[in-house]
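Please walk through this structure with me, one region at a time. Keep the sequence and the 3D view side by side.

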Amino acid sequence: MAVSASGEHAGTIGGGVMEMQWTERAIAAARAAQPGASLVKKLFHSRDTQFEPSGLICSGWQTLLLKRLDEDVLPVVASIRETFHRHECGRMRIAPAEFTFAANQRGPQDSTFVYTDEQHWVYEQAVGVLDTVYVVGSGHVGLALCRVLATLDVRVVVFDDRPDVETFVKNSSAHQKILCGYGDVGGWIQGNDHEYVAVVTAGYKSDEAALRSLVNKQVRYIGLMGSPAKTMQIFNDLRAEGIGEDFLNRVHAPIGLPIASHTPAEIAVSIAAEIIQMKNHAPA
């Protein structure tokens, strides 16, 4: 959460009375004539705790770090802003006497916090748009899905092999539109734990081509839209080509959470919800 000396703020650390109190602390730190030491506090969300209470009663605990940033770090902040605008990712590092950012670096973990004492600690976090959703097919469902995903904190890439189809031309929600054959989709995808693929093309042959291109891609999620009969036909075709069950078992088919959706907009919501479920490691 960023707080200015004037009281403007963006972001949240959890809300409630705890956030109000720490916003006031941040304003006071920003207005101080000289920067004080950074503050690290572990707060417990209970009235009955023997440790420092947060003012909340929702149970659990959280660690808060309060650090004043002065004008000398404006170039770092500008670099972080540009990374968000480009829908890319970098790594921020905060320590008692450090606030740095490395663009185009993620690190082995999304965040780490090593604490020895008040003078010796390091917090690192991947910052920016960490996850990419690839929408394969920009028909009615693909267009609706891009619109829903654009409201989330993900980068949206859409593929189609039809340059003139209206739903591809008018798709202004995707951050990137790629015109290519569906069999070439895999070449645009790195294959990592922050990538998600929704295959929603107009026909089973194009679905099949897209899936075939993803066989060696270790993405977090692959979903396939279609009826059980269509899915069985595609899977049987791929089995006949020697593609193993390990890959086919990774494909979520039918795609999306089962909410009895029928319209493109409702199907898009169900797909986005399943992707969020996978991203957040939530149980089915």
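How many bridges join β7 to strand β8? There are 6, and the two strands run antiparallel. Strand β8 covers residues 120-128. Strands pair here if DSSP finds at least two bridges between them. Helices (H or I, at least four residues) and strands (E, at least two) are DSSP runs, numbered from the N terminus.

A word on the source. This is a predicted model, in which local features need pLDDT of at least 70 and side-chain atom pairs count only at pLDDT 80 or more, while totals for chains, interfaces and linings use all residues. Residues are numbered from 1 along each chain as its sequence is written, and side-chain values use heavy atoms, with hydrogens and water left out.

The protein has 8 helices and 14 strands. Its C-alpha atoms fill a box of roughly 70 × 45 × 35 Å along the principal axes. Of its 284 residues, 40% count as buried. Buried means under 20% relative accessible area, exposed means over 50%, and partly exposed lies in between (1.4 Å probe, protein chains only). Among contacts between residues at least 6 apart in sequence, 54% join residues at least 24 apart. A contact means heavy atoms within 4.5 Å.

Go back to β7 and β8. They belong to an open sheet of 4 strands, in the order β6-β5-β8-β7, with antiparallel pairing. The edge strands are β6 and β7, and each pairs on one side only. From one strand to the next, the twist averages 15°. Helix α2 (residues 74-85) packs on this sheet and touches β5 (89-95), β6 and β8. The direction of α2 makes about 35° with that of β6. Such angles run from 0 to 180 degrees between N-to-C directions, with axes fitted to C-alpha atoms, for helices over the stretch in contact.

Between β6 (98-103) and β7 (111-117) runs a loop that holds asparagine 104. Its phi is near 60°, a positive value in a residue other than glycine. Is asparagine 104 buried or exposed? It is exposed, because its relative accessible area is 58%.

Move on to the other sheet. Here 6 strands form an open sheet with parallel pairing, in the order β11-β10-β9-β12-β13-β14. The edge strands are β11 (176-179) and β14 (251-252), and each pairs on one side only. β12 and β13 pair over 4 bridges. In one of these pairings, alanine 198 has glycine 223 of β13 as its bridge partner. Helix α3 (residues 140-149) lies across β9, β10 and β12, and runs at about 165° to β9.

What packs around these strands? Nonpolar side chains tend to be buried together in soluble globular proteins. The largest nonpolar core here has 25 residues. A nonpolar core is a set of buried Ala, Val, Leu, Ile, Met, Phe, Trp, Tyr and Cys residues joined through side-chain atoms within 4.5 Å. Those with the most contacts inside the largest core are Val136, Phe159, Val197, Val199, Leu211 and Phe247. Elements that each supply at least two of its residues include β9 (131-136), β12 (195-199) and α5 (204-213). A second, separate core of 23 residues includes Ala144, Leu149, Val156 and Phe168.

Leaving aside residues up to four places away in sequence, it touches Val136, Leu211, Gly223 and Ile255, among others. Leu211 is also one of the buried residues of α5. Helix α5 is mostly covered, with 7 of its 10 residues buried. Its cover includes β9, β12, β13, α6, α7 and β14.

Histidine 194 sits in the loop between β11 and β12. It counts as buried because its relative accessibility is 14%. A polar contact of 3.3 Å joins its side chain to that of aspartate 110. Such a contact is a pair of N or O atoms within 3.5 Å; within protein, one must be able to donate a hydrogen and the other to accept it, and residues adjacent in sequence count only if both atoms are side-chain atoms.

Finish in the loop between β14 and α8 (264-279), where proline 254 is found. A cis peptide bond joins alanine 253 and proline 254, with omega about 0°. Alanine 260 lies in that loop too. Its phi is positive, about 55°, although it is not a glycine. Alanine 260 counts as exposed, at 62% relative accessibility.
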